[in-house]
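Subject: Structure handover

Hi there,

Here is the structure I promised to pass on. Please have it open while you read, and my notes follow below it.

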Amino acid sequence: MSFRRVSIRLSLLLFLSFFCIVSAANAQAPLTLRVHPYLAASELVKRFAPLADYLSREIGRPVVVSISKNYRDHIDQIGRDKADIAYMGPVPYVRMVEKYGKKPLLARLEINGAPTFRGVIITAKNSSVRSLSDLKGKRFAFGDPNSTMSHIVPRFLMLQAGVTVKDLAGHAFLRNHSNVVLGVLIGDFDAGAVKDEVFYEYEQRGLRAVTWTPPISEHLFVTRRTLPSKTIKALRKTLYALEHEKEGKAIMSKIEKNMTGMVPARDEDYDNLRVILKELKRIGVNP
């Protein structure tokens, strides 16, 4: 055999070996589970790490938790297919679909047996604020501008009650629900808006509910369009099965205290939220 033929064969073998190594590495490359920053990043990693570990075991591929910088970054990362799996609030999901189009839906949360949740406008227990109309002339704390229950839906309720931000003594966006609660408790703000879970967590520290929002379809998990269909099906099956697994209750309670399962999600489940967003856009509120 000539030296040239041996050299070509060796080169081909080296190329094939390199290709196999790269392919194997890509096959085992971690999937990212991206979460929007509705709480402190360290807290969110604690909450979602057990789910990531569970998914890793069940689908046979590493899953790592990643916290987005802010809500807008979260929307863009998912919209551009830069996130493999994403946990999304209802408003960010609707915004993402508006800007980038639909993505494969994996599941939505079920809390106490229902796939919907509510928000609450809060105040301190000794506050004079008893109704939405009492907010006029008061200081109000919102979370992130794109947050479903710490801005969008409460803002709509205020509008219906004839209260705009111009009627407030002042308002601020404090990034997440925990900051809103703390701002109200220490007296920097007279009222604020948070999701139900956060209210119940801090209620005994001196909070009172002023009013509740209507039910909105729960948070959901989506994935990128370019993820293999086999992997998407496996993720759906694994999420649906979580409530039946031995460690399922512990994993779910980390994410949401009263979470009871994950159920199928449809884009139409968020149409009532789209109506609210459309009404707010009409008056110039369009985060």
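Let me start with valine 194, which is in contact (heavy atoms within 4.5 Å) with Gly119, Val120, Ile122, Met149, Ser150, His177, Val180, Val181 and Phe199, leaving aside its neighbours within four places in sequence. Valine 194 sits in strand β9, residues 191-195. Helices (H or I, at least four residues) and strands (E, at least two) are DSSP runs, numbered from the N terminus. With a relative accessibility of 0%, valine 194 counts as buried. Here buried means under 20% relative accessible area, exposed means over 50%, and partly exposed is in between, with a 1.4 Å probe and protein chains only. The C-alpha atoms of valine 194 and threonine 148 are separated by 9.0 Å, and the two residues are 46 apart along the chain.

Before going further, a word on the source: this is a predicted model, in which local features need pLDDT of at least 70 and side-chain atom pairs count only at pLDDT 80 or more, while totals for chains, interfaces and linings use all residues. Residues are numbered from 1 along each chain as its sequence is written, and side-chain values use heavy atoms, with hydrogens and water left out.

**The whole protein**

The secondary structure comes to 10 helices and 13 strands. Along its principal axes, the C-alpha trace spans about 95 × 40 × 35 Å. Of the 287 residues, 49% are buried. Among contacts between residues at least 6 apart in sequence, 79% join residues at least 24 apart. The accessible surface is about 13,900 Å², and 54% of that belongs to carbon and sulfur atoms; the areas come from the Shrake-Rupley method with a 1.4 Å probe, and for residues only the protein chains shown count as cover.

**Helix α5 and what follows**

Does the length of helix α5 agree or disagree with what its residue count predicts? The helix covers residues 148-160, and at 1.5 Å a residue its 13 residues should span 18 Å; the end C-alpha atoms are 17 Å apart, which agrees. The expected span is 1.5 Å times one less than the number of residues.

Helix α5 also has a kink of about 30°, centred on proline 154. The bend at a residue is the angle between axes fitted to the seven residues ending there and the seven starting there. Of the 13 residues in α5, 11 are buried, including Met149 and Ser150, and both of these are among the contacts of valine 194.

Just after α5, glycine 162 takes a positive phi of about 80°. Threonine 164 lies in the loop between α5 and β8 (170-173) and counts as partly exposed at 33% relative accessibility. Its C-alpha atom is separated by 9.4 Å from that of leucine 135, 29 residues away along the chain.

**Helix α4**

Helix α4 (residues 90-100) is mostly covered too, with eight of its 11 residues buried. Among them are Pro90, Tyr93 and Arg95.

Most residues other than glycine have a negative phi. Asparagine 112, in the loop between β4 (105-111) and β5 (116-117), has a positive phi near 50° and is exposed at 56% relative accessibility. Arginine 175, in the loop between β8 and α6 (177-185), has a positive phi of about 80° and is exposed as well, with a relative accessible area of 58%.

Isoleucine 251 is found in helix α9, residues 248-255, and is buried with a relative accessible area of 5%. Leaving aside neighbours within four places in sequence, isoleucine 251 is in contact with Pro50, Leu51, Tyr54 and Leu242. Isoleucine 251 and proline 50 are 201 residues apart along the chain, yet their C-alpha atoms are separated by 5.7 Å.

Glutamine 28 is in the loop between α1 (3-27) and β1 (31-35), and counts as partly exposed at 45% relative accessibility. Beyond its neighbours within four places in sequence, glutamine 28 is in contact with Gly60, Arg61 and Pro62. Glutamine 28 and alanine 209 are 181 residues apart in sequence, and 48 Å apart in space, C-alpha to C-alpha.

Best wishes
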